[in-house]
Amino acid sequence: MADTLTITDNRTGKQYEVPVTEGTIRATDLRQIKTAPEDPGLATYDPAFMNTSACRSRITYIDGDKGILEYRGYPIEQLAEHSNYLETAYLILFGELPTDAQLKTWITDITLHTMVHENIKKLMEGFQYDAHPMGVLISTIAAFSTFYPDAKAIFDEQSRKKQIHRLIAKVPSIAAYAYRHSIGRPYVYPDNDLSFTGNFLNMLFKMTELKYKANPVLERALDVLFILHADHEQNCSTSAMRGIGSSHVDPYSAMAGAAAALYGPLHGGANEAVLRMLNEIGSVSKVPDFIKKVKSGEGSKLMGFGHRVYKSYDPRAKVIKKIADLVFAVTGKNPLLEIALELERIALQDDYFVTRKLYPNVDFYSGLIYQAMGFPVEMFPVLFAIPRTAGWVAQWEEMLLDTEQKIARPRQIYTGPVHRDYVPRDKRS
Ligand SMILES: CC(C)(COP(=O)(O)OP(=O)(O)OC[C@H]1O[C@@H](n2cnc3c(N)ncnc32)[C@H](O)[C@@H]1OP(=O)(O)O)[C@@H](O)C(=O)NCCC(=O)NCCS
C-alpha cells in the first residue's frame with residue numbers, strides 16, 4: 001500500500017495524489033487543487049488548530065486517549081518519582097538525562113544566575129500593592145530584554161545558552177519578589193546553598209531567621225509539581241512562545257508573550273479558577289446543584305475538568321492526587337478537598353461528563369496543594385510559569401533550529417465586504 005492520499009475534486013473531476021508522512025499530509029500539497037489557474041488553491045480551515053501540526057518536535061509526547069505523557073520518551077510518572085526539576089529541565093532541553101558531571105555543571109550554571117539586577121527590584125517596586133503577581137511576572141520578563149541586549153543574538157549558540165540559564169534561574173526570583181511585593185515584605189536574596197525549589201521557598205517565606213530551611217516534604221512536593229508542569233508540547237502558551245519567537249525577537253520578549261497566554265483562565269489560570277469555584281460551591285451538599293447548573297449551561301464550566309488533548313484521566317492529575325495526601329499530612333487537610341472529591345465522584349459517573357470524555361486535569365488538585373502550602377490563589381499561575389520556563393525555552397530553541405520553520409503566519413478566510421468605494425461623511429446614512 002502506498003503512503004499517499006488520493007483526492008478527487010468533485011468540482012472539476014480531477015484526481016490528486018498527496019504523500020502521507022507521519023500520519024499527516026502537508027497543507028501546502030493541497031494548493032495544487034484548483035478550479036481555475038487564478039484560483040489560489042485549496043486551503044484548510046482549522047480554527048483553534050484542532051487538527052493541525054504546526055511543527056515536528058522531539059521534546060514531549062502525549063497520547064491523549066491513553067493518558068500518556070512523556071518527556072523525551074521518559075514517562076512522567078517515572079520522572080515524578082525519581083527525578084527532580086532541574087534534572088528534568090536538562091532532559092527537556094538537551095534530550096538526555098545528564099550524567100553526574102553534567103548535572104553538577106548544569107546546577108552551577110543555573111545557580112550562578114539566580115540574582116537579579118537591582119534595577120529590576122526597583123522596577124517591580126513601581127507596581128501597585130495589589131498588582132496581580134502574574135501581571136508583574138509578565139512585565140518583568142519583558143523588561144529583562146532591556147537588561148540583556150545580548151539576547152538578540154538568537155543564532156549564537158552561546159548567547160542562547162546564557163539566556164536559557166538566566167530565564168530558568170531568574171524566573172523563580174522575580175516570582176518570589178512579586179509575591180513579597182504583594183504582601184509588603186522585603187525581598188529575600190537567593191540562597192545558593194539550597195536546592196532550586198528550596199531556594200524558591202526561601203525567597204518566598206524567609207522572615208528573620210538566619211537560614212531558611214523548607215519542610216522537606218513540601219519542598220519535594222513542589223519540586224514534583226514543577227516536574228509535572230515543565231512541558232506539555234504545543235499548548236496555547238508554547239504555541240505563543242514559538243509564534244512570537246518565529247519573528248526572531250529575543251527570548252525574553254517571546255517568553256513574556258508565552259507567560260501572558262498562560263495567565264488566561266482556560267490555560268494556566270485554571271487552577272486559580274478551580275479554587276474560586278470550590279469556594280463558591282462552599283459545601284459538599286451543594287455539589288449536585290452546581291453540577292446541574294454546569295450541565296444546563298447556566299453556570300460556569302466545571303473548572304479543572306476537560307482538556308483539548310486528554311480524553312482520559314490526565315496522568316499529571318493522578319500524580320498530583322497522590323502528592324496531595326503527603327502534603328495534607330504536613331499541613332492539615334484543605335477543607336475544600338471534600339468538595340473537590342465529591343465533584344470528581346459525581347462528574348465521573350455523570351453521562352454529560354462521561355460522553356464528552358471530561359476528566360480532572362492537572363489544575364483540579366494542584367490549587368488545593370498550593371493553598372495548603374500557604375500560597376494565595378493569585379500565585380497559582382506563577383507557580384505554573386516557573387517550571388514551564390524549561391519547556392518554553394526548549395521549544396523556542398527547537399523552533400529556531402528547525403530549518404523548515406519560518407515566521408508564523410496563518411491564513412484566513414475573508415468574510416467581509418469586498419471592494420467598495422469610500423463614502424464621504426455627509427453621504428452616509
Ligand atoms: C480545557 C478546555 C478549554 C478544552 O476545551 P476544548 O478542547 O475546546 O473542548 P470544548 O470546549 O469543545 O468541549 C467539548 C464539550 O465539552 C464541554 N466541556 C468542556 N469542558 C467542560 C467543563 N470543564 N465543564 C463543562 N463542560 C465542559 C463543552 O461545553 C462542549 O460541550 P458541547 O459539545 O455540548 O458543546 C475545556 O475543557 C475547559 O474550558 N475546561 C475548563 C478549564 C480548565 O480546566 N482548563 C485547564 C486546562 S489544563
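Reader: How many salt bridges does the count come to here?
Author: The count comes to 18 salt bridges (a side-chain nitrogen of Lys or Arg within 4 Å of a carboxyl oxygen of Asp or Glu). This is a predicted model, in which local features need pLDDT of at least 70 and side-chain atom pairs pLDDT 80 or more, while totals for chains, interfaces and linings use all residues. Residues are numbered from 1 along each chain as its sequence is written, and side-chain values use heavy atoms, without hydrogens and water.

Reader: Ok, so which side chain does Glu 404 meet in a salt bridge?
Author: That would be Arg 26, with 2.7 Å from N to O. Glu 404 sits in the segment after helix 17 and Arg 26 in the loop between strand 2 and strand 3, so this pair ties together parts that are 378 residues apart in sequence. Helices (H or I, at least four residues) and strands (E, at least two) are DSSP runs, numbered from the N terminus.

Reader: Let's do strands then. How do strand 1 and strand 2 pair?
Author: Strand 1 (residues 4-9) and strand 2 (residues 14-19) pair in the antiparallel sense, over 6 bridges (pairing takes at least two DSSP bridges between the strands). Ile 7 is opposite Tyr 16 of strand 2, and Thr 4 is opposite Pro 19 of that strand.

Reader: And what's with Gly 13 in that hairpin?
Author: The hairpin has 4 residues between strand 1 and strand 2, and Gly 13 takes a positive phi near 80° there.

Reader: What order do the strands of the open sheet have?
Author: The order is 3-4-5, in an open sheet of 3 strands with antiparallel pairing. Strand 3 (60-63) and strand 5 (74-75) are the edge strands, each pairing on one side only. Strand 3 joins strand 4 (residues 68-71) over 4 bridges, and Tyr 61 has Glu 70 in strand 4 as its bridge partner.

Reader: Switching to helices. At what angle do helix 5 and helix 6 pack?
Author: Helix 5 (residues 133-147) and helix 6 (residues 157-182) pack at about 140°, with their axes 9 Å apart. Axes are lines fitted to C-alpha atoms over the stretch in contact, and angles run from 0 to 180 degrees between N-to-C directions.

Reader: What about helix 5 and helix 17, how far apart are their axes?
Author: Their axes are 8 Å apart, and helix 5 packs with helix 17 (residues 380-401) at about 35°. Pro 133, Met 134 and Leu 137 of helix 5 meet Pro 381, Val 382 and Ala 385 of helix 17, a contact with 6 nonpolar residues, no polar and no charged.

Reader: And how does helix 9 pack with helix 17?
Author: Helix 9 (residues 236-245) packs with helix 17 at about 40°, axes 9 Å apart, so helix 9 and helix 17 are oblique to each other. Among the contact residues are Met 241 and Arg 242 of helix 9 and Trp 392 and Trp 396 of helix 17. That contact divides into 5 nonpolar, 4 polar and 3 charged.

Reader: Last one: where's Gly 257?
Author: Gly 257 is in helix 10 (residues 251-263). Its C-alpha is 7.7 Å from that of Ser 237, 20 residues apart along the chain. Leaving aside neighbours within four places in sequence, Gly 257 contacts Ala 240 and Ile 244.

Key: Contact = heavy atoms within 4.5 Å. Nonpolar A, V, L, I, M, F, W, Y, C, P; charged D, E, K, R; others polar. Parallel < 35°, antiparallel > 145°, perpendicular 65-115°, else oblique.
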